[in-house]
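Me: I would like to learn how to read the features of a model such as this one. Please take them in turn, with the general idea before the case.

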Amino acid sequence: MTTIFIGKLIQEELKTQKKSVVWLSNELGCNRTNIYKIFNRRSIDAELLLRISKALQRNFFEPYISRLPS
């Protein structure tokens, strides 16, 4: 099973939506340095992932859910 690199998925979605790091940092109420740190993460706190999912209007939990047994 391959590892989900959630930070890269978030970075790719931000680029796809043509939104800036500054925009996301404003949405999350943090500085942009923290956003760059998020991009390098393999895992992330569920509450933060929920906030990012809401900001970008994409379910970033889906890659994890799809790995659960049916």
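This is a predicted model: local features need pLDDT of at least 70, side-chain atom pairs count only at pLDDT 80 or more; totals for chains, interfaces and linings use all residues.

Me: Which residues of the largest nonpolar core touch the most other members?
Reply: A nonpolar core is a set of buried Ala, Val, Leu, Ile, Met, Phe, Trp, Tyr and Cys residues joined through side-chain atoms within 4.5 Å. Buried means under 20% relative accessible area, exposed over 50%, and partly exposed in between, with a 1.4 Å probe and protein chains only. Here the largest core has 16 residues, and those touching the most other members are Ile10, Leu24, Ile35, Ile38, Ile44, Ile52 and Phe60. At least two core residues come from each of helix 1 (6-16), helix 2 (21-28), helix 3 (32-39) and helix 4 (46-56). Helix 4 gives the largest share, 5 residues. Helices (H or I, at least four residues) are DSSP runs numbered from the N terminus, as are strands (E, at least two).

Me: What does Ile10 contact beyond its neighbours within four places in sequence?
Reply: Contact means heavy atoms within 4.5 Å. With those neighbours left aside, Ile10 is in contact with Leu24, Ile38, Phe39, Ile44, Leu49, Ile52, Leu56 and Phe60.

Me: How many salt bridges does the model have?
Reply: A salt bridge is a side-chain nitrogen of Lys or Arg within 4 Å of a carboxyl oxygen of Asp or Glu. The count by this rule is 1. Glu13 pairs with Arg58, and their closest N and O atoms are 3.0 Å apart. Glu13 is in helix 1 and Arg58 in the loop between helix 4 and helix 5, so the pair ties together parts 45 residues apart in sequence.

Me: Is Glu13 buried or exposed?
Reply: Glu13 is buried, at 14% relative accessibility, whereas Arg58 is partly exposed at 30%. Not counting residues up to four places away in sequence, Glu13 touches Leu56, Arg58 and Phe60. The C-alpha atoms of Glu13 and Phe60 are separated by 9.8 Å, with the two residues 47 apart along the chain.

Me: At what angle do helix 2 and helix 4 pack?
Reply: Two packed helices are described by the angle between their axes and the distance between the axes. Helix 2 packs on helix 4 at an angle of about 120°, and the axes are 10 Å apart. Trp23, Leu24, Glu27 and Leu28 of helix 2 meet Leu48, Arg51, Ile52, Ala55 and Leu56 of helix 4. Axes are lines fitted to C-alpha atoms, for helices over the stretch in contact, and angles run from 0 to 180 degrees between N-to-C directions.

Me: Where is Ser25 found?
Reply: Ser25 is in helix 2 and is buried, at 4% relative accessibility. Apart from neighbours within four places in sequence, Ser25 contacts Cys30, Asn31, Arg32 and Ile35.

Me: What is the phi of Lys18?
Reply: Most residues other than glycine have a negative phi. Lys18 has a positive phi, near 55°, and lies in the loop between helix 1 and helix 2. Lys18 is exposed, with a relative accessible area of 76%. Gln57, also not a glycine, has a positive phi of about 50°.

Methods. Residues are numbered from 1 along each chain as its sequence is written. Side-chain values use heavy atoms; hydrogens and water are left out.
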